[in-house]
Amino acid sequence: MYPHYMPVGIAQVVSGGSGVEARVSRRLLVQAFFSTYYTLLYPFTGRHLARIERDQASTSLRLPGLVLYSANDKMMKGEFSDQLVEQWREGGIPVQAKKWPQSDHVMLFRNYPQKYEEAIRRFFVEQLKLSF
């Protein structure tokens, strides 16, 4: 089945608005839409999502990895990223990870620009042996 948290996460991300009732109504509508969408299209898309998750965790590539994420991301749960980092490390993949306590999906750079850039620079220097 599709990742159960995705419709909820999508709904929370796109349900901005003017007032609590409007946001709640939009959130419920968007959540219902994506729950239905993922359920109906699972035979076509769900197996690909499951394969992506499986392949990410068991990659045969042994390239250095950088994982930047937040604990409260509604689209990609922080626990999933924690597990991914641990699996890669156990598999011998050199991984640097930076976990922030709070940030919406793909908003780390906007919320933490200096620390984000610092994490990338450190990765380039320590893992890829590049300096700038």
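# Salt bridges and a buried serine

Arg121 is partly exposed, with 41% relative accessible area (buried means under 20%, exposed over 50%, and partly exposed in between, with a 1.4 Å probe and protein chains only). This is a predicted model, in which local features need pLDDT of at least 70 and side-chain atom pairs count only at pLDDT 80 or more, while totals for chains, interfaces and linings use all residues. Residues are numbered from 1 along each chain as its sequence is written, and side-chain values use heavy atoms, with hydrogens and water left out. The structure holds three salt bridges (a side-chain nitrogen of Lys or Arg within 4 Å of a carboxyl oxygen of Asp or Glu).

- Let's start with the partner of Arg121: its side chain meets that of Glu117 in a salt bridge, at 3.5 Å from N to O.
- Glu117 and Arg121 are separated by about one helical turn because they are four residues apart in helix α5 (residues 113–126); helices are DSSP runs of H or I with at least four residues, strands are runs of E with at least two, and both are numbered from the N terminus.
- Glu117 has a relative accessible area of 35%, so it counts as partly exposed.
- A salt bridge also joins Arg122 to Glu118, with 3.7 Å between the closest N and O atoms.
- Arg122 is partly exposed at 33% relative accessibility, and Glu118 is partly exposed at 48%.

- Asp82 and Lys99 bring their side chains together in a salt bridge of 2.9 Å, N to O.
- This pair links distant parts of the chain, 17 residues apart, with Asp82 in helix α3 (residues 78–90) and Lys99 in strand β2 (residues 95–100).
- Asp82 counts as partly exposed at 28% relative accessibility, and Lys99 is partly exposed at 37%.

- Now for the serine: Ser70 lies in strand β1, which spans residues 65–70.
- Ser70 has a relative accessibility of 2%, so it counts as buried.
- The side chain of Ser70 reaches the backbone nitrogen of Asp73 at 3.3 Å.
- With neighbours within four places in sequence set aside, Ser70 is in contact (heavy atoms within 4.5 Å) with Gly78, Trp100, Gln102, Ser103 and Leu108.

Definitions and conventions. Polar contact = N/O pair within 3.5 Å; in protein donor to acceptor, adjacent residues only side chain to side chain.
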